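Dear colleague,

I am handing over the structure below, together with notes on what was found in it. Please read the notes with the structure open beside them.

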Amino acid sequence: MNQVTLQLAIIVGYLLIALAVGLVAYRLTERTAEDFYLASRTLGTVVLLFTTFATLLSAFTFFAGPNIAYANGPEWILVMGLMDGIIFAVLWYVIGYKQWLLGQQYGYVTLGEMLGDRFGSRWLRGIVAGVSLVWLFPYVMLQQVGAGTALEALTEGTVSYATGAGLITVFMILYVVAAGMRGVAWTDTIQGAFMLITTWAALLWVLAAVGGPGAATEALASNPDTAGFLSLGGGVYSVPWILSTAITIGFGVAMFPQVNQRFFAAGSRTVIKRSLALWPILCVLLFVPSFMLGAWAAGLGVAMPDSGNILPAVLAEYTPVWFAAVVIAGAMAAMMSSSDSMLLSGSSYITRDLYRPFVDRNLPDRREDLLARGGVVIFATAAFIGSLFQPATLFEIGEAAFSGFAQLALPVLLALYWRRTTRAGITAGIVSSQLFYMASLFIDVVPGSYAGWTAGIVGMAFGLLVTVAVSLVTSPAAAERRAIYFDKLGAD
């Protein structure tokens with residue numbers, strides 16, 4: 001068996017295992033929309049924790065993360081590992097627990113559905129869904145870009161970029177359409193554990209090959225290009241930039257549809273609380289080895305390959321062919337576990353928040369279930385077509401999506417905790433912050449940073465001010481059901 005055949009056999013074998021788990025879950029899946037979207041709200045602590053963990057750990061973690069550390073040092077561990085592990089854990093309770101209570105009482109499936117009911121507005125529901133789909137689409141595409149570049153680099157071009165991106169798309173469609181949230185959650189749990197094991201195994205293998213962490217760190221110190229990596233602030237990041245990025249990613253994660261819907265899927269309040277307490281630990285366990293691999297690779301003089309991803313290069317340099325393929329399979333697991341959940345959530349936003357309120361308000365549950373499965377196919381195929389054009393780097397796509405979702409977070413917090421929030425206020429806050437942030441990305445005259453603070457966090461502050469100001473000068477509409485957000489919402 002030649003090298004490429006061995007690599008592909010390992011990767012395809014892993015993908016088949018994930019598909020098999022999804023098919024087993026299909027046998028237990030009820031043919032209802034709620035079961036397809038939320039596994040009938042029955043997820044336990046281990047499954048909820050690992051499905052959320054695996055959903056967030058994507059091509060951004062496995063490829064963009066080591067690339068950032070390779071170029072600028074490992075300080076991003078502070079952003080992704082420590083700061084965002086803590087920020088999101090807090091938001092998991094502040095936002096997630098209240099959403100779980102409301103979901104139990106009123107049967108909500110999506111964030112847009114919850115806000116639309118809160119303010120008696122199908123248009124707000126549609127705006128939230130539309131904004132979420134705008135930012136979700138490129139992040140799904142990011143996973144396909146990552147899969148395509150990973151397989152092309154690993155096989156030295158034998159498997160083309162398009163084939164690699166297409167392969168992961170086909171496997172995701174198969175098991176997401178078949179099993180919905182239950183299959184996604186089960187496969188995510190396996191994939192999350194697999195990611196942790198392979199990442200640490202890769203780190204230990206590389207360190208053993210170069211003489212241990214001391215030798216790898218000495219290489220960083222002795223290399224004039226990387227000596228600054230060893231001191232906090234020795235890299236290129238300013239304090240405002242680090243704080244801006246940490247905050248926007250932390251708040252953005254809480255608004256990601258595939259994460260936000262998991263707040264509704266928990267089996268009990270105990271599950272919610274246990275999961276958020278364990279979350280920061282899992283973040284550190286994954287981000288430390290992946291980012292340090294990139295930083296140490298720079299010190300060791302591993303050359304960045306044409307693919308632009310350092311992880312396959314450092315594995316090829318210091319580990320056997322079969323092991324490199326196993327780790328890339330772990331990276332594929334990260335991408336699949338993100339994309340499958342995004343496809344499911346994207347489909348629910350399309351059918352639940354756009355089709356149902358604007359096309360057929362009396363949509364039968366069985367028909368909604370069928371439409372949701374068809375939505376997965378359409379969304380995945382469209383993202384695959386977009387990925388063929390490789391519009392930006394993995395880091396650029398990921399950062400834009402995180403900050404775009406972060407613009408929703410503060411208006412949502414006000415809706416949950418401030419009785420005075422009005423329909424006009426939250427709508428104006430969401431729309432204005434989104435327009436501002438998009439302008440910073442696509443219009444040259446709008447700056448991308450302000451005294452070192454990113455446009456993402458400036459947009460969040462702008463949206464908060466607009467939501468408060470407009471709410472103070474407008475009156476709640478009669479249809480707004482403010483009271484439901486404060487019944488039985490004690491943090492016990």
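**Arg 356 and its surroundings**

Leaving aside residues up to four places away in sequence, Arg 356 touches Arg 125, Thr 351, Arg 361, Leu 363 and Glu 368, where contact means heavy atoms within 4.5 Å. Before going on, please note that this is a predicted model, in which local features need pLDDT of at least 70 and side-chain atom pairs count only at pLDDT 80 or more, while totals for chains, interfaces and linings use all residues. Residues are numbered from 1 along each chain as its sequence is written, and side-chain values use heavy atoms, with hydrogens and water left out.

Arg 356 is found in helix H14 (residues 321-358); helices here are DSSP runs (H or I, at least four residues), numbered from the N terminus. With 17% relative accessibility, Arg 356 counts as buried, a word that means under 20% relative accessible area with a 1.4 Å probe and protein chains only.

**The salt bridges**

The structure holds five salt bridges, a salt bridge being a side-chain nitrogen of Lys or Arg within 4 Å of a carboxyl oxygen of Asp or Glu. One of them joins the side chains of Glu 113 and Arg 352 at 3.3 Å, N to O. Glu 113 lies in helix H6 (residues 111-119) and Arg 352 in helix H14, so this pair ties together parts that are 239 residues apart in sequence. Both ends are buried, as Glu 113 has 12% relative accessibility and Arg 352 has a relative accessible area of 11%.

Arg 352 also forms a salt bridge with Glu 368, with the closest N and O atoms 3.1 Å apart; this pair links Arg 352 in helix H14 to Glu 368 in helix H15 (residues 365-387), 16 residues apart. Glu 368, which counts as buried at 0% relative accessibility, meets the side chain of Arg 356 in a salt bridge as well (2.2 Å, N to O). Through shared partners, salt bridges join Glu 113, Arg 352, Arg 356 and Glu 368 into one network.

**Thr 319**

Thr 319 lies in the loop between helix H13 (310-318) and H14, and it is buried, with a relative accessible area of 9%. Not counting residues up to four places away in sequence, Thr 319 touches Trp 205, Val 206 and Ala 324. Thr 319 and Gly 346 are 27 residues apart in sequence and 38 Å apart in space, C-alpha to C-alpha.

**The cavities**

A search of the whole structure finds two cavities of 30 Å³ or more. On a 1 Å grid over the protein atoms alone, a cavity is a set of points where a 1.4 Å probe fits but cannot get out, and lining residues have an atom within 4 Å of a point; a volume is the space filled by probe spheres set on the points, which are joined across faces, edges and corners.

The largest cavity holds about 120 Å³ of space, and of the twelve residues that line it, the closest to its centre are Leu 56, Met 80, Val 253, Trp 279 and Phe 287. Helix H5 (76-106), helix H10 (239-255) and helix H12 (269-299) are the elements that give two or more residues to this lining.

The second largest cavity has about 40 Å³ of space, and its lining is made by Phe 62, Thr 199, Ala 202, Ser 290, Leu 293, Leu 311 and Val 327. Helix H8 (161-210) and H12 each supply at least two residues of that lining.

With best wishes

Notes
On a 1 Å grid over the protein atoms alone, a cavity is a set of points where a 1.4 Å probe fits but cannot get out, and a pocket is an open set with protein on both sides within 12 Å along at least five of seven lines; lining residues have an atom within 4 Å of a point. Buried means under 20% relative accessible area, exposed over 50%, partly exposed in between (1.4 Å probe, protein chains only).
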